[in-house]
Amino acid sequence: MGKIMPTELMRESVLTISILYTFMSLLTIVHANWMYLGIANHAPKIPEDQPAELMQLAGDAPEDPNDAIANSARAVCSALPGLVAQQIEVCQHYPDTLKAVSEGARRGIRECQYQFRHERWNCTTREDDYSVFGYTLQRGSRETAFIYAVTSAGVVHAITQACSSGALNECSCDLSKQGRTTPEGWKWGGCSDNLKFGVQFSRKFVDAPEKSKQWESKNVRSLMNLHNNEAGRQAVSHLMRMQCRCHGVSGSCELKTCWKNVPTFSQVGDYLKKKYQKSVQVPVKQQKRLRRKSGRKFPVGKQELVHIRKSPDYCESDTEKGILGTTGRLCNKTSDGPDRCSILCCGRGFNTKVVKKVERCQCKFIWCCYVKCKPCITRTDIHTCK
């Protein structure tokens, strides 16, 4: 048996203590998942200017800064709660992408909250809960489908833009078609967004939890989640837009160069919200491909969202099922949308409060040199669900 050096013993002790500490701190995080990276104040950062803390404590900090960053990446990625083995491996292999993944999750969460801001289920999240969406993520309803699709799309969107902006060492913008001439008389130019890398990365990272449990009893849920993840990626791909620039004397457009950009994420959100409204229910028992539950049982399209269970009405609070209810929510008495009081309040009625607000109005400039205004009182009716 080889002789163990003191530095090796110290390193092993530090690592053991760190692993035990991490394990103890994660005992309460039962349903953690990667989406929590999008919650404010939870985004991790790989140190760039100092060696890994564990290696420093062990008295054996690497001399090469790149090795130090790699060690830091391993330490941070391994300590992130909710990541499966493949996600940790991707994180360690592409440490620069961690910030973009966090931004992508954040975009997905914010867009979800915006799209459902007026509805009974308003995509509520909890910053003290590492599952982010609580029981809604386990329900298998059309809301679950939208969450998976929009967060997957968020990662594609953020990674793709990070590639084009030069923020990642692993990729750049897409120059594969640059200089090629088309039959229409224009040619590819500029620097297109690298959607290919964004999609490939999303499949590796976002799909990893489902691929790791495909052969378990929850195989149908895994198929559902994987399908909706892909639907989110398809949404970004479908909405890619072309931009062109003319060249020639006095803007004659004798030559036109074009490139492709990702859409705004609000466009992606609008597109996925329409898919949510037409989400397809599939049977709980499936084999390898998802098929419709009713009507002709032909395969579901890649761009469609799917769910396996009907949604609750979200009217009454149910803490066990993660339903907050609509009591106390603001509603619009005259609206024709889902925020109409009769709809949002589920027929329970609503309370009305008159809010008085004093503002400055009819302001005039007085020579010289001040502005004189009159106080104006406005009264607004505020309606809240009973």
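The crossing of helices α5 and α11 is right-handed, where right-handed means that the near helix is turned clockwise from the far one by less than a right angle, and left-handed anticlockwise. The model is predicted, with local features needing pLDDT of at least 70, side-chain atom pairs counted only at pLDDT 80 or more, and totals for chains, interfaces and linings using all residues. Residues are numbered from 1 along each chain as its sequence is written, and side-chain values use heavy atoms, without hydrogens and water.

**Exercise 1.** Classify the orientation of α5 and α11 and describe their contact.

*Solution.* 
1. Helices (H or I, at least four residues) and strands (E, at least two) are DSSP runs, numbered from the N terminus.
2. The axes of α5 (residues 97-115) and α11 (residues 265-277) come within 10 Å and cross at roughly 55°. Axes are lines fitted to C-alpha atoms, for helices over the stretch in contact, and angles run from 0 to 180 degrees between N-to-C directions.
3. α5 and α11 are therefore oblique to each other; angles under 35 degrees count as roughly parallel, over 145 as roughly antiparallel, 65 to 115 as roughly perpendicular and the rest as oblique.
4. On α5, the contact (heavy atoms within 4.5 Å) involves R107, G108, E111 and Q115; on α11, it involves F265, S266, G269, D270 and K273.

**Exercise 2.** Characterise the disulfide of C173 and C191.

*Solution.* 
1. Eleven disulfides are found in the whole structure, a disulfide being a pair of cysteine sulfur atoms within 2.5 Å.
2. The sulfur atoms of C173 and C191 lie 1.3 Å apart, and the link is right-handed, with 90° about the S-S bond.
3. C173 lies in the loop between α7 (142-165) and β1 (187-188), and C191, 18 residues apart from it, in the loop between β1 and α8 (195-205).
4. C173 is buried because its relative accessibility is 16%, whereas C191, at 30%, is partly exposed. Buried means under 20% relative accessible area, exposed over 50%, and partly exposed in between (1.4 Å probe, protein chains only).

**Exercise 3.** Characterise the disulfides of C331 with C341 and of C363 with C373.

*Solution.* 
1. C331 and C341 are joined at an S to S distance of 2.1 Å, with 85° about the S-S bond and a right-handed link.
2. C331 belongs to strand β6 (residues 330-331) and C341 to helix α12 (residues 341-344). Both C331 and C341 are buried.
3. The sulfur atoms of C363 and C373 are 2.0 Å apart; the torsion about their S-S bond is about 115°, so this disulfide is right-handed.
4. C363 is in strand β7 (residues 350-366) and C373 in strand β8 (residues 370-385), ten residues apart. C363 is partly exposed, at 43% relative accessible area.
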